[in-house]
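Subject: Structure handover

Dear colleague,

Please find the structure below. My notes on it follow.

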Amino acid sequence: MSPVPQAILQALNLHTDSTTCALDSSGLSSGFTNTGALHVKIAHENGTQAEHKYFIKTSQNGSAAAEMFHGEYESLNAIAQIVPGFCPRALAWGPLDKKNGYFLATEFLDLGGSVDRGSGDETNHSRLAYRLGELHSTPAPVDAQTGRRRYGFPVPTFCGDTRQSNTFYDSWAEFYARERLLTILASSEKRNGRDEGLRELVERTAHTVVPRLLGNDHLGYNSRGEGEGIQPVVVHGDLWSGNTDRGSIVGNGREEAVGDVVYDPSACYAHSEFELGIMHMFGGFGARFFNEYHLLVPKTEPVEEYDDRVLLYELYHHLNHHAIFGGGYRSGAMSIMQKLLRKYSDMR
């Protein structure tokens, strides 16, 4: 057990004269931050005590940590606002000390059990397919300045340790080309050096394949031109099998029912199928899950291009992993782009 920084207690409105608390970091880990469970015993006037639990992340990584925690704070609450109990709510974030430290405090998830990847029980609203389908069926909020639903997010987010700026666009194709493909190319070159072969294919894909598959007058319409286009929804943004589990939110004076939950989001307002790229890339979500999910969120028109769109969305995560780790992810990205360019580069 470790002492709890005063900044965290103050942000959570926990008064040290009426609580006993400790920060337990045993059994918890994270690739980019320090994590722990905050146990707080709150004394009542009748002499009884109630224990509350919180999940705490801390980092001494200065402005990068500030942006990362702010992005996760907004991401968690964007998801929890639409599907309560699907992820912990973020409660506070801010400076930890005078040494460039920052913290994030959230509700505590009690994890355990196996994720329901597709039960076939349409009445089971706690399962992953239903909760994700509900998230992806709810339109993103209207932008206060423009009165439109736009693609992007109010703050930068991080996918792994890759910063995503999330500038707002009215066009999903423009957002995906500029804020995902071209931005991750720049990040990769900053870390790994300029790669002319990779750059050529990313630029061709962004300028040719993306408008062909994701263009405003195309995506959301069938071969007869019938449809209503698409609208942005909240996506988790980094939903591989390691960021989902079965559990419930506990220790905060209330307790959610046990169900499939997600965490460590990198949210934005996007086309719902963008979520599926990383889910296909790393597996763990079988055919039964996707069949059940698509009963709730039908494949976007043109349905015949669905597989190519998911592959295009998977491309971003290959590029991101290449930027972070280097190695074999480059070949996966090159293969995807070559396949899509052969099919769509002459079909403008």
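The lining of the second largest pocket divides into 5 nonpolar, 9 polar and 2 charged residues. Here Ala, Val, Leu, Ile, Met, Phe, Trp, Tyr, Cys and Pro count as nonpolar, Asp, Glu, Lys and Arg as charged, and the others, Gly among them, as polar. This is a predicted model, in which local features need pLDDT of at least 70 and side-chain atom pairs count only at pLDDT 80 or more, while totals for chains, interfaces and linings use all residues. Residues are numbered from 1 along each chain as its sequence is written, and side-chain values use heavy atoms, with hydrogens and water left out.

The second largest pocket has a volume of about 310 Å³. Of its 16 lining residues, His136, Ser272, Val297, Pro298 and Thr300 are the closest to its centre. A pocket is an open set of points on a 1 Å grid over the protein atoms alone where a 1.4 Å probe fits, with protein on both sides within 12 Å along at least five of seven lines; lining residues have an atom within 4 Å of a point. Points are joined across faces, edges and corners, and the volume is the space filled by probe spheres set on them.

Aromatic pairs number 16 (ring centres of Phe, Tyr or the six-membered ring of Trp within 6.5 Å; planes under 30 degrees apart are stacked, over 60 edge-to-face, the rest tilted). Tryptophan 172 and phenylalanine 175 are stacked, because their ring centres are 5.6 Å apart and their planes at 20°. Both lie in helix α4 (residues 172-192), 3 residues apart (helices are DSSP runs of H or I, at least four residues, numbered from the N terminus).

Phenylalanine 274 and tyrosine 313 form an edge-to-face pair, with centres 5.7 Å apart and planes at 85°. This pair links helix α6 to helix α8 (residues 306-325), across 39 residues. Phenylalanine 274 is at 2% relative accessibility and tyrosine 313 at 0%.

Helix α6 (residues 274-282) has 7 of its 9 residues buried, among them Glu275 and Met281. Glycine 283 follows α6 with a positive phi, near 70°.

The charged end of arginine 180 sits over the ring of tyrosine 316, 5.8 Å from its centre (CZ of Arg or NZ of Lys within 6 Å of the ring centre and within 35 degrees of the ring normal).

Regards

How values were computed. Buried means under 20% relative accessible area, exposed over 50%, partly exposed in between (1.4 Å probe, protein chains only). Helices (H or I, at least four residues) and strands (E, at least two) are DSSP runs, numbered from the N terminus.
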